Amino acid sequence: MQQILSTDWLVLATLCAATAATAVWWLSPNPKPKGFEQDLLQGDGRSDAVFLFDDTTLIGWSSGARRFIGEQAETFNWANLREQLARSYPGLPQSPGFLKDVGPLVLSGTANAESREALCEWIDGVTRVQLRSTTSEEHNHSIDQELTTLRSAVHQAPYPVWLQSDDGAVTWSNLAYDDLSQKIRGRNVDFSEPLFTDLDDPMASGKPERISIPLPESKKKLWYNISTTETESGWLCHAVDVNAVVDAEIAQRNFVQTLAKTFAQLSIGLAIFDRNRQLVLFNPVLIDLTALPANFLSSRPNLLTFFDRLRDQRMMPEPKNYSSWRHQMADLLEAAAEGRYQETWSLPSGSVYSVSGRPHPDGAIAFLFEDITAEITLTRQFRSELEMGQSIMDQMDEAIAVFANDGTMTFSNAAYHDLWQMDPDGSFAKITIMDSSRVWQDMCAATPAWGEIRDFVAGSENRTAWWADVQLRSGTPLVCKVSAIQNGATMVSFRSPEPAPAPVDQQRFAITKQGK
């Protein structure tokens, strides 16, 4: 019985060991097939360098890779490889795990690289880097396709491109150049003869230069920006059509000349300052008004220098001090930029200028100077005459008021103010014939004359002068006379009645007594 139990334990232990071995085999990674690494080390050529890495550890290399590894096979890793190849093959990943995520990479080598490209790929946990040449038939075919595409792109370019030798002969040209040559010189043209003959400037400067070619049987020219590049085969030249730019410049220049001629005929001085506050345009009248020299204005002074010079010439009001002058200029600039600068300058010479500032496009400012001395003088003279007339009328005893054809009072003298106890000049509102007739009616005995006066002022027919006797409530008699004057106006006057004439005998007695 005891022997049977020992046999059973032996069988059970054997089964457990087999099961454990099977589990370990099942859970372990799949082993690489025999010769797997040797297959990965095979390159496209004997000189190809191939490196195999398990993560960052070097696990295999080809004979072509030995010169990179040297005596460091045991310590050589991915960082060492990248240190040697990163400059020759830009884009080499910092970590081989990058290839597992993005897939194979083909990196083109720089001019310093012995091989033309590097193939980096992740294959079943092994990172493979192969430095290979690009002389394969497939790669050559790719290069041929690329060159064909480039030639077609240059040949079909919409602007002239040509190759010119050092002695000036055209050795190659694209379709745009050929079409332009035939347009200018006809179909039977010798394409070796250069269309643009003088290329010394762009060749010397290395920058695009504007060159023109004349049209046959016409005074018009075609303008191009020519740029040149020196190559081993000669000078590669490009021509860009700039006729639209030239036409725009000519139109702008003609427009400016037209403006200048127009401004020259103005009687108002004009000064335009650009966004940098420099004088860019002025007319001859400005010289006459400001007495500033033409050479000073032509030097494009800035705005502050311009007004400083006006102040020195006593051609603007003198400021109290220089500090206030600077503040005044700042306020002037701000007001002009907003289009609200408008002032009248009374100069020490007696002249009077109207100066205004207006904003212009692109931040420019224009100042207008107008001599209004004659107008101001005439206005002052007219005002003086009016004041004199008013003074004369105020000396009269007769109370006078004048009403326009719309019924508004336009004039009254001091006697009128005293009689009716009112001052029309002290009222903000206009006084009409209705307002005046109410005052007359309140201060006088009842009479139909006031209504007739209102009708006379408002009417346009039967405007013969007439008069009426009226009486103040105090008992003082008055004679009211209504007369039509020019422009449909009406004058209403009030005076005391004249005393009755004395008898003839009394007049003789007075004369005789005066004679004695």
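So, is C237 buried or exposed? At 0% relative accessibility, C237 counts as buried, where buried means under 20% relative accessible area, exposed means over 50%, and partly exposed is in between, with a 1.4 Å probe and protein chains only.

Before I go on, this is a predicted model, so local features need pLDDT of at least 70 and side-chain atom pairs count only at pLDDT 80 or more, while totals for chains, interfaces and linings use all residues. Residues are numbered from 1 along each chain as its sequence is written, and side-chain values use heavy atoms, with hydrogens and water left out.

Let's stay with C237 for a moment. It sits in strand β10, opposite W162, and W162 belongs to strand β6, residues 161–164. When I say helix or strand, I mean DSSP runs numbered from the N terminus: H or I with at least four residues for helices, E with at least two for strands. Within β6, V161 and L163 point one way, W162 and Q164 point the other way, and all are buried.

Now, who are the partners of β6? Two strands pair if DSSP finds at least two bridges between them. Four bridges join β6 to β10, residues 234–241, and the two run antiparallel. On to β7, residues 170–173: three bridges join it to β6, again antiparallel, and L163 stands opposite W172 there. β6 and β7 form a hairpin with five residues between them, and G168 in the turn has a positive phi of about 95 degrees.

Positive phi also turns up in residues other than glycine. A291 has a phi near 60 degrees and lies in the loop between α10 and α11. N487 has one near 65 degrees, in the loop between β19 and β20. N487 counts as exposed because its relative accessibility is 69%, while A291, at 44%, counts as partly exposed.

Next, charges. The search finds seven salt bridges, each being a side-chain nitrogen of Lys or Arg within 4 Å of a carboxyl oxygen of Asp or Glu. One of them joins E121 and R128, at 3.2 Å from N to O, and both residues are buried. Another joins D362 and R275, at 3.1 Å. That pair links distant parts of the chain, 87 residues apart: D362 is in the loop between β14 and β15, and R275 in the loop between β11 and β12. Both D362 and R275 are exposed. Then there's D308 with R311, with the closest N and O atoms 3.9 Å apart. These two are three residues apart in helix α12, residues 303–312, so about one helical turn separates them. D308 and R311 are both buried.

Now for the greasy part. A nonpolar core here is a set of buried Ala, Val, Leu, Ile, Met, Phe, Trp, Tyr and Cys residues joined through side-chain atoms within 4.5 Å. The largest one has 27 residues, and those with the most contacts inside it include F306, F307, W345 and F369. Elements giving two or more residues to this core include β11, α12, β13 and β15. If you click on F369 and leave aside neighbours within four places in sequence, its contacts (heavy atoms within 4.5 Å) include A271, L286, L310 and V355. Apart from that core lies another, of 26 residues, among them A415, W450, A468 and F494.

Last stop: an open sheet of five strands, in the order β2-β1-β5-β4-β3, with antiparallel pairing. Which strands are at the edges? β2 and β3, each pairing on one side only. The twist averages 20 degrees from one strand to the next; for angles, axes are lines fitted to C-alpha atoms, for helices over the stretch in contact, and angles run from 0 to 180 degrees between N-to-C directions. Four bridges join β3 to β4, where the partner of L105 is C120. Finally, helix α4, residues 78–85, lies across β1 and β5, running at about 25 degrees to β5. That's my tour, thanks!
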